[in-house]
Amino acid sequence: MIFELDKLEKLMPSYAEPLRFLSKVIRNKVWGVSDEKRLAKMLNVCNWLYSLLVEVAGEHIEIIEEYVNVLDRKSDKYTLTNLNKTYDNVRAHIAVCKTGDMVKEHWKQLNPYFRKEYARENLFKKDLIEILDDFFNNIVSICPNEFLVPLNNYNCLLRGRKKEWKLRDDLLPPSIECALQNNIINRWNLPSKRYLYLAIGNCGIENGEKVCLEEMRIRAGDIVTIANFDINKLASNKKIINLDFDNISRQDIFDFMNATEKAQTRDLIEEIYVQKIVPTKENIKEQVESHTKETTALACSFCGKLLLKEICDTIF
């Protein structure tokens, strides 16, 4: 068993993490409820078969998916226990990895230098910025309170620059002229655009400074100037879009959706009861349709949060 699990983990070096996850699930969830010899034989056959496939077709995460599907479909060969939910957890993990791969590819294609390496037919029809435009137009517009944050929530905004600087203007972003002259290009701001990147220091100025230093990849002994930016009083009531879902788990997002869905269902039943509506199929359908706005907002909130979670997990 140990030998076969080791072969499984080394099947595709490019996908070592999902393979280790599958191996861990087999060790902790499958092995103990299976006939050891039969399970080892099943792994032996799969390892041999899929190693040949990797040699011919190359490394693809879909191969792990098929490996899991075979273990699930043929589970009666090595256990009496229903392992469908166990393997569903592995499939969900693989789905997250696949999404991460897609985000990485989107991220790479945003870089104008990497983009030149792609043939036109291999470019995504929409790049990540266009997808975020869709996010703003189709999701944020429907449930703004889920994504918009008052600007005055951020009481400490910081920007750092290498070396020592004395003037306020020296801590502003590079001018368009400077960007064009020095070919300053990254994924988000082309030379024709000018952006001010600021770190949030809500948890104490040291936290904001840490972000600045990490963004600039500062080493010990480097001299840095860090400026604190105040929010203009005229802008204090403005709102910004929060794209940071790094500290929110996928389970949190699914729990939010399930809890809200149950609450909406309870409210609907309460309305039918209080208003003494005859619970026919037509009346219930009409009552459900009267809450389309709330249902749509919940669906948009769920999809938007999950989208941002996938992007944050991959890029961060």
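**Helix packing and aromatic pairs**

H10 and H12 lie roughly antiparallel to each other. In this predicted model, their packing angle is about 175 degrees and their axes are 10 Å apart. H12 also packs with H5, at roughly 75 degrees.

**H10 with H12**

- H10 covers residues 250–274 and H12 covers residues 292–315.
- On the H10 side, the contact is made by Arg 250, Ile 253, Phe 254, Phe 256, Met 257, Thr 260, Glu 261 and Gln 264.
- These meet residues of H12 including Glu 294, Leu 298, Phe 302, Lys 305, Lys 309 and Asp 313.
- By class, the contact of H10 with H12 holds 7 nonpolar, 4 polar and 7 charged residues.

**H10 itself**

- The 25 residues of H10 should span 36 Å at 1.5 Å a residue, and the end C-alpha atoms are 36 Å apart, which agrees.
- Buried residues in H10 are Ile 253, Met 257, Leu 268 and Ile 272.
- Those buried residues pack against H12 and against helix H11 (281–289).
- Lys 276, which follows H10, has a positive phi near 55 degrees.

**H5 with H12**

- The axes of H5 (residues 84–110) and H12 come within 9 Å.
- At a crossing angle of roughly 75 degrees, H5 is roughly perpendicular to H12.
- H5 contributes Val 96, Thr 99, Gly 100, Val 103, Lys 104 and Trp 107, while H12 contributes Glu 310, Ile 311, Thr 314 and Ile 315.
- The contact of H5 with H12 divides into 5 nonpolar, 3 polar and 2 charged residues.

**Lys 309**

- Lys 309 is in helix H12.
- Its relative accessible area is 5%, under the 20% cut-off, so Lys 309 counts as buried.
- Beyond its neighbours within four places in sequence, Lys 309 contacts Phe 245, Asp 246, Ile 248, Ser 249, Arg 250 and Ile 253.

**Aromatic rings**

- The structure has 5 aromatic pairs.
- The ring centres of Phe 135 and Phe 147 are 5.2 Å apart with planes at 85 degrees, so this pair is edge-to-face.
- Phe 135 sits in helix H7 (residues 128–140), and Phe 147, 12 residues away, sits in the loop between H7 and strand E1 (148–150).
- Phe 135 is buried at 2% relative accessibility, and Phe 147 is buried at 1%.
- Ring pairs join Phe 135, Phe 136, Phe 147 and Phe 245 into a cluster.
- Phe 245 of that cluster is also among the contacts of Lys 309.

How values were computed:
Residues numbered from 1 in each chain as written. Predicted model: local features only at pLDDT ≥ 70, side-chain atom pairs only at ≥ 80, totals over all residues. Heavy atoms only, no water. Axes fitted to C-alpha atoms, helices over the stretch in contact; angles between N-to-C directions. Helix = DSSP H or I, 4+ residues; strand = E, 2+ residues; numbered from the N terminus. Parallel < 35°, antiparallel > 145°, perpendicular 65-115°, else oblique. Contact = heavy atoms within 4.5 Å. Nonpolar A, V, L, I, M, F, W, Y, C, P; charged D, E, K, R; others polar. Expected span 1.5 Å × (residues − 1). Buried < 20%, exposed > 50% of the residue type's maximum accessible area, 1.4 Å probe, protein only. Phe/Tyr/Trp six-rings, centres within 6.5 Å; stacked < 30°, edge-to-face > 60°.
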